[in-house]
Amino acid sequence: MVLFKQKDLEQMDMVLFTAVENIEEYMKTNKQRIEKYIRFRDSEEYKSTDAHRMQQLLVEFQKQSGFTDVFIANLKILSDSYRDYYKKLEEANERFIKSFPQMSKGEVP
């Protein structure tokens with residue numbers, strides 16, 4: 001069973017890369033969509049779904065398994081390109097949080 005075609009995955013990758021490279025433009029272009037997502041993510045309707053429960057379990061697993069502290073830290077050591085990408089991602093996230101402070105609740109949306 002194939003969930004995504006290669007073409008679709010490449011397009012998603014390009015959208016994410018473009019957003020990280022130019023977060024200001026991404027936020028400007030997608031402001032209404034982002035705000036709608038934030039409202040949905042904070043709703044009781046969403047919080048009662050299996051998707052929310054799975055997201056919470058994934059966050060907890062990442063914390064307990066050392067995914068960020070160990071795996072990502074070592075990936076940044078091993079890969080110059082990932083280290084550069086991660087730095088851009090952190091910078092984009094800082095600007096994103098300044099524009100949408102309600103997203104800084106310490107959990108992955």
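**A serine contact and a tyrosine cluster**

In this predicted model, a polar atom of the Ser43 side chain lies 2.7 Å from the backbone oxygen of Phe40. Ser43 itself is found in the loop that runs between helix H2 (23-41) and helix H3 (44-47). With a relative accessibility of 18%, Ser43 counts as buried, because the cut-off for that class is under 20% relative accessible area.

Tyr85 has a relative accessible area of 21% and is partly exposed.

Tyr82 also pairs with Tyr86, again in a tilted arrangement, with 5.9 Å from centre to centre and 40° between the planes. Here too both partners lie in helix H6, this time four residues apart, about one turn of the helix. Tyr86 counts as buried, its relative accessibility being 17%. The two values fall on either side of a class boundary: Tyr86, at 17%, is buried, whereas Tyr85, at 21%, is partly exposed, because buried means under 20% relative accessible area.

Taken together, the ring pairs link Tyr82, Tyr85 and Tyr86 into a cluster.

Notes: Residues numbered from 1 in each chain as written. Predicted model: local features only at pLDDT ≥ 70, side-chain atom pairs only at ≥ 80, totals over all residues. Heavy atoms only, no water. Buried < 20%, exposed > 50% of the residue type's maximum accessible area, 1.4 Å probe, protein only. Phe/Tyr/Trp six-rings, centres within 6.5 Å; stacked < 30°, edge-to-face > 60°. Helix = DSSP H or I, 4+ residues; strand = E, 2+ residues; numbered from the N terminus. Polar contact = N/O pair within 3.5 Å; in protein donor to acceptor, adjacent residues only side chain to side chain.
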